[in-house]
Amino acid sequence: MVKNVVLFIMSLYREDSLKKEYTDERGIFKADCQHTNETALKYIAWKLAQNGQQIDAIYAFISEQVREYSLDKFKELIKDEYYKEMIVDVPLYNNGELKGSFRSISTMFDVLQAYMEENADDRIVIHVDMTGGLRHASMLMLALIRMLKYIGMELGMVLYVNFNTAQIENADDIMDMFTLLGGAEEFNSFGNVNQIQNYFDRLNSKKIRTSSAALELLLEEMRDFSEAIKVCTNYKDMTEVLSLLGEALRIYKKIIKSKSNRLSEQELFFAKLILVIEKTYADILPQNNRPSSVPAIIKWCAKRDFLQAAVTFYTEWLPVYLIENKLVIVNDGSVEKE
């Protein structure tokens, strides 16, 4: 069973704020609202209802100032909604200043983890309203979202209510951008391409084609290389994998230069990371039709803490490498037989 949880930082209630009609990006949802958090809650409830679901829990960061001047007024605004009694308020310490951020995040994390444990048999989906709070509030929310994903909560809608345009904006793509950057960091440190691959697979599954054939080929070759490292493949197969990877990288760089206007926004963003990817592989890709160097591959693995692979390659490949390159010369033929 799905449990839908809403998370937000409550904004101050402004006495001079007038009701106005808010809509979503397609203009289908319409609601007269006076407070931005009110708008997000109504939209999430409406959106979930389209799939026969509802809001099951609401957790809000509340500063001392909001608790004193705004909380009761906000509850009055949603008094006719089914979720009116659901709000669980969590302190935004130090009145929301940066100094209290770690304590605030830790407290909310504990509260949400407890909810998850109480509903251990359910799928927990968390929907986030990024609108409220001070200017640094988005940084606080981003950190919390990453922590919640680590413990298995699924991220649902991520919204921003634009007061100036009276429109509810979907911020999912921005959150996915952080996933992509995290994947690039993971790849650069460990050579693991899974997070990047999952990012594009998820977008493509939504029937929004975001990756070109050239990118899919590159990701496939990157994944094959990662697997070759994991299984400690033989040197012949490794050089073949690296040769295909080098060719896929060359093709993709050519596509970026010649067809950048045809690429999706997500792929154009990813393309900015191509120099990092190229730099990561530079020492081990074939050069001038010469296969990848045995010592280079071993050092590459050791540098990224693939110690089992590094030791295995060292043991299996290096003796042959030393003999073939005449770094070790056998003077007595009887030694070979022995």
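Tutor: Axes here are lines fitted to C-alpha atoms, for helices over the stretch in contact, with angles running from 0 to 180 degrees between N-to-C directions. Helices (H or I, at least four residues) are DSSP runs, numbered from the N terminus. The model is predicted, so that local features need pLDDT of at least 70 and side-chain atom pairs count only at pLDDT 80 or more, while totals for chains, interfaces and linings use all residues. Residues are numbered from 1 along each chain as its sequence is written, and side-chain values use heavy atoms, with hydrogens and water left out.

Two packed helices are described by the angle between their axes and the distance between the axes. For helix α8 (residues 213-230) and helix α9 (residues 235-259), the axes come within 9 Å and cross at roughly 155°. The helices α8 and α9 are therefore roughly antiparallel to each other, a term for angles over 145 degrees, with those under 35 counted as roughly parallel, 65 to 115 as roughly perpendicular and the rest as oblique. The crossing of α8 and α9 is left-handed, that is, the near helix is turned anticlockwise from the far one by less than a right angle.

Contact means heavy atoms within 4.5 Å. On the α8 side, the residues that meet α9 are A214, L215, L217, L218, E221, M222, D224, F225, A228 and I229. Their counterparts in α9 are M238, V241, L242, L244, L245, A248, L249, I251, Y252 and I255. By class, this contact of α8 with α9 has 18 nonpolar, no polar and two charged residues. Ala, Val, Leu, Ile, Met, Phe, Trp, Tyr, Cys and Pro count as nonpolar, Asp, Glu, Lys and Arg as charged, and the others, Gly among them, as polar.

How values were computed:
Helices (H or I, at least four residues) and strands (E, at least two) are DSSP runs, numbered from the N terminus.
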